[in-house]
Each structure stands twice: as structure tokens, then as C-alpha cells.
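Work through these exercises with the structure in view. Try each task before reading its solution.

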Amino acid sequence: MDNALDFLTRAIDEFQDSPKYSVIHFSAAVEQFLKARLMAEHWSLVVSDRQPADWDKFTSGNFQSVTLAEAASKLDKVVRSGLSADALAAFSTVANHRNRAIHFFHSAHTDKEAQSELRRIAKEQLVAWLHLHRLLQNRWSDTFGPWLENIDSIEEKLRSYRDFLSMVFDEVTPELQRYRDAGALVEACAACSFESMVFANELNVIDTATCLVCGHAFRCITIECPSCEEQVRFEGEGFATCEHCNTSFEPEHIADAIEDEGAAYEAAKEGDAVRGNCGDCDGYHSVVRVPSGQWVATCCLVEHERLETCEWCNEPNTGDMEMSYHSGCNMCDGHAGWTKGD
Ligand SMILES: [Zn+2]
Ligand SMILES: [Zn+2]
Ligand SMILES: [Zn+2]
Ligand SMILES: [Zn+2]
């Protein structure tokens, strides 16, 4: 953790004068935080799959550590506290640019080029930090609790990036006004703090909210709260709390609000499956048909044009069902699983 915090502090301090080292140090810091979480579970998880874990080699530093992809997979499959798709994408962007910086970094030729490179780095790091910070503060707070003060001071330091991006905010201000005029909502962005996060402001449809300053984006849906009739917004997942009356909501509540009841009734009458399963998150009957004819995974807030049916259990699923007769879907083990017990 001391290393991770040190690298992160360096990355922020070096940002304007040595952007190349900022990119390299920031990426190293992200990986160290993930490894610290793996380490809290068991030291052997930090060792790459490509070699056997060996305590003596580990303590002498003579081992190959996990890559970002390996760390993400172990957090999901072993620690059972995986990264969201958005978080993994943000960390991967940072890691890819680190690789490029190490092998092909060329100094900018013009001032304009240098400015746009700095902007890109500031945006990427703010978005990656938002995802990392949320993990450290919330889901992983048992592990990182003792460092919360240091973690908050990183948040303070990143103000310098926000000052730097104020130029971008000035540039997009007219565009933000056009969105407001067209009826969209513009709110503060959690990553860069500017009032530049654009929401479609429509009920019962999946929308991608996007920040025009830093590019932070997430899927969301707004429904009417059945208790107080105010609006409740779900951000990135099918769970939310009504800000007005404190009622807690689950994917099931989104399903009730957006499902095409006529189509559901017809399907039930025909003996067809009314709801589908989500292959992304293992959500059971969380995928519903909406009046536009599309399917919406209320667990992950993803729209699907159509669902395929598992050839073994006959349930519709968002995943690829090509081999499903043999190997099943995320809800069944297919023919192979059925015959295994014989
Ligand atoms: Zn932003
Ligand atoms: Zn309410
Ligand atoms: Zn899902
Ligand atoms: Zn199945």
C-alpha cells in the first residue's frame, strides 16, 4: 500500500512536467492497489498463473506478479468481488497507455499537441481514480480502512487535474446549453466535478449518461418511485435508493416499471418464457421485454435486440447459446452435466 500510494502521488506530481512518467506511475499504482486486495485474501493470488506459487521466492521478490487481466479474473473468481465492466475498461485504458508510453513515447511537437496529450491523461486518470476510489471506500473498505486518510489526500491532490480541465469545461459550455435547451439534465460529474454530466431525462429507458469534460460514462435508467412518485435513478446497476423517501429498489422494480405487460401476458398464455436470464451477471429472470420489442437486462442495464434460447433448458438468455445443448447456459449444465451423474 505504501508503494501504491507513493506511485500515485508521483503520478499526480509529475503530470505537467513529465507526463510520460505520470502515465507509467499511475498505471503501476492501480495494479498495486488491486494486488493489495488480492494479497489480503491470500499472498499466492499475487503470483502469476504462469508459475507455481512459492513462498520463499515470493518473500524475496523473485516472482512474476499477475497482469491486470489475471488480477481482474482472480478478484472475480476467487475473491468474489470482481471489477465492474466500466472499472475494468478504465483500468485497461490506463494500462494500455502505459505500455505505449514505455515503448513508443514521443514528445509532442507543438504546444497544441502537448496540451491535448495532457488533457487525455488527466481525463483517463480521473475516471480510473473514480472507480478505484469507490472500491477502496466502499466494497473493499475492510481491507483499505487503515489508509483512508492517505486515500482522501489523493483526492485532494487531484484538484490540480480539475483546474487543468477547466479549459475543456469552457469549451463545452455552449454544447451543454444546447443539451439543456433540448430538455436534457446536466449534473455534476463524479470523476471531474464539473457540471457537465448529461442525462437524457426520460423515464423508463436505458440511457448512457456522459460527461462532456472527462468522458466518464455509465448506463442508467430513471423510473417513477411507486411510494412517493418522485424519480429514482439507477446508475450502472439495478439497485438504487429513492432520495426522497429512502425506499430501496432492486432489478425487479425496474422490471415492473418497464416490462411490456401485454407481450408478457401473451407469452405466458402461449407457454413461452416471459423473462430471460442474464449471461453477464447470472441474473435470473432479470431480462424483460419492453414495448419497443427490445429486451432489457434490469440487473446490468443493458439493452439487447434479441435473446437466444438455451437448447438444453429452453430459457432465453443474453449470452451466446451456440453450444448450449451440450454445455448449457449460466443457469444449467446442459446435456454434459446431465449425463455426468450416470
Ligand atoms: Zn467528468
Ligand atoms: Zn420515493
Ligand atoms: Zn445482468
Ligand atoms: Zn440452460
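The model is a predicted one.

**Exercise 1.** Describe how α2 and α6 cross, starting from the handedness.

*Solution.* 
1. The crossing of α2 and α6 is left-handed.
2. Their axes come within 11 Å and cross at roughly 15°.
3. Angles under 35 degrees count as roughly parallel, so α2 and α6 are roughly parallel to each other.
4. Now look at the contacts. From α2 come Pro19, Ser22, Val23, Phe26, Val30 and Phe33. They meet Glu117, Leu118, Ile121, Gln125, Ala128, Leu132 and Leu136 in α6.

**Exercise 2.** Find which residues of α5 are buried and where they lie around the helix.

*Solution.* 
1. Locate α5 at residues 85-104. It has 20 residues and reaches 28 Å from its first C-alpha to its last, close to the 28 Å expected.
2. List the buried residues of α5: Ala87, Ala90, Phe91, Val94, Ala95 and Arg98.
3. Look down the axis of α5. The buried residues fall within an arc of 130°, so they line one face of the helix.
4. Turn to the face away from that buried side. It carries the exposed residues Asn99, Arg100, His103 and Phe104.
5. Ask what covers the buried residues of α5. The cover includes α2 (19-41), α4 (68-77) and α6 (111-139).

Key:
Residues numbered from 1 in each chain as written. Chains lettered and ligands numbered in written order. Predicted model: local features only at pLDDT ≥ 70, side-chain atom pairs only at ≥ 80, totals over all residues. Helix = DSSP H or I, 4+ residues; strand = E, 2+ residues; numbered from the N terminus. Expected span 1.5 Å × (residues − 1). Buried ≥ 20, exposed ≤ 12 C-beta atoms within 10 Å, placed from the backbone. Arc of directions from axis to C-beta. Contact = placed C-beta atoms within 7 Å. Axes fitted to C-alpha atoms, helices over the stretch in contact; angles between N-to-C directions. Parallel < 35°, antiparallel > 145°, perpendicular 65-115°, else oblique. Left-handed = near helix turned anticlockwise from the far one by under 90°.
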